[in-house]
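This report describes one chain and the partner chain it meets. Look at the sequence and the structure first, then read on.

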Amino acid sequence: MRRFIDLQVRFPETLGEAELLARHLRKLCFKAAALTVSTPRKPEGLQAVREVFAKYGVDAPLRLNLKPKSSAELLEALRAHRRSFEVVSVVCLGKQAARQAAKDHRVDTLMFPSKAVRLLDEAEVELARVSGVAVEFSLSMLLKLGEALPAYLAEARRNVKKALKKGVPLVFSSGASDVYGLRAPRDLAAVAETMLDLPDPVKVSTVSHVPMAILERNRGKLSSSFVELGVRLLGDESRG
Amino acid sequence: MSWVYAFWEMKAVVKAGRGKRRYLLFHLTVEGGFKPEAEEVRKAVYEAYRRLFGLAGLSQAELAWIGYMENLELGILRCSHRAVSSLRAALAMTGMLGGRKARICTVRVSGTRKALKEVLSQVKSS
């Protein structure tokens, strides 16, 4: 059975909101939802929120969205905060930061809001392929575009085609800030298919296999048994 | 022998050029527990589809409004089997209804109304 994951849901401000989100995510058949913060510090009440989500059987990893203005700012943020978050995404606003993010294996996904989608060119795709960084689109981002949506999609479609050709993984998330922003996983896949011209097997993997693989890979790296890529401590069961 | 006739009928229908159809059960959630009227929901769905795929797309989708249960916030739409993904996308891209935040999620897609009725009866009983 497929395990669906919404890789971007805003971190709830109250426990009541967390309960509502978790209930709706469960109803929509999500197994996990990455709770997203924009400031690089662990939010208050994280453990309590995770317990609420666990009560509904929804895994709640923590995700950080970075919006660096330069590559130096990005490198500093990654050095300081990478190990505090299970998923780290970079919202690419400038070319320099976008290139740095694409070649840094500590980054999990790249997002290109509005006009920045032109930054997703062949060089960016090639860098992302080598470092294993995924390209992410979110429904909330598409909804916010309004009149600019057709132009954005035209550029995005062209660039996604290049990314698919090179084998760069794609992720589609809701980007929800409340329960009204959530959508069923297959509805998200349908948006990805129709808006970005994704082929059939790829569309569902954008909300299941690809984000789940990112999460599992990062959890493996954050566990105490991780030594380096491909090397893990075995034998002591008390460790991670 | 009834299934033989049913199969023959289905084949004839497809051959006649009408094409296969799909029924889509959707659930609507509106901010503040607001319950819109069926006509308002119908207009919102058609407008969402038209905005995304245009009038030509709307006609190709063979979209038909079957009904909406205001108390359950569930509705049924019919479309061509080729337009299921587009319809799902159009429903997902509906973020507002009557000036309020809204969410339309697909509950089930079926080839017959009968199968959807079974799902509906399950929802009603739960």
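What does the accessible surface of chain B come to, and which share of it belongs to carbon and sulfur atoms? In this predicted model, the accessible surface of chain B is about 7,200 Å², and carbon and sulfur atoms account for 53% of that area. Chain B has 126 residues, and 42% of them are buried.

**The fold of chain B**

Chain B contains four helices and five strands. Read from the N terminus, these elements follow the order α-β-α-β-β-α-β-β-α. Of the contacts in chain B between residues at least 6 apart in sequence, 69% link residues at least 24 apart.

The five strands of chain B make an open sheet with antiparallel pairing, in the order E2-E3-E1-E5-E4. Its edge strands are E2 and E4 of chain B, each of which pairs on one side only. In general, strands of a sheet pair through backbone hydrogen bonds, either parallel or antiparallel.

| Strand pair | Sense | Bridges | Residues opposite each other |
| E2(B) and E3(B) | antiparallel | five bridges | Gly67(B) and Ile76(B) |

Which strands does helix H4 of chain B lie across? Helix H4, residues 113–125 of chain B, lies across E1, E2, E3 and E5 of chain B. The helix runs at about 25° to E1(B).

Tyr180(A), Arg183(A) and Asp187(A) provide 38% of the area that chain A buries against chain B, more than any other three residues.

The size of an interface is often given as the accessible area lost when the parts come together. Between chain A and chain B, the buried area is about 1,600 Å², with 63% of it from carbon and sulfur atoms. There are two salt bridges between the chains. One of them joins the side chains of Lys101(B) and Asp178(A), at 2.6 Å from N to O.

Methods. Residues are numbered from 1 along each chain as its sequence is written. Chains are lettered from A and ligands numbered from 1 in the order in which they are written. This is a predicted model: local features need pLDDT of at least 70, side-chain atom pairs count only at pLDDT 80 or more; totals for chains, interfaces and linings use all residues. Side-chain values use heavy atoms; hydrogens and water are left out. Helices (H or I, at least four residues) and strands (E, at least two) are DSSP runs, numbered from the N terminus. Buried means under 20% relative accessible area, exposed over 50%, partly exposed in between (1.4 Å probe, protein chains only). Contact means heavy atoms within 4.5 Å. Accessible areas come from the Shrake-Rupley method with a 1.4 Å probe; for residues, only the protein chains shown count as cover. Two strands pair if DSSP finds at least two bridges between them. Axes are lines fitted to C-alpha atoms, for helices over the stretch in contact, and angles run from 0 to 180 degrees between N-to-C directions. Buried area is the accessible area (1.4 Å probe) that two parts lose on being put together, summed over both. A salt bridge is a side-chain nitrogen of Lys or Arg within 4 Å of a carboxyl oxygen of Asp or Glu.
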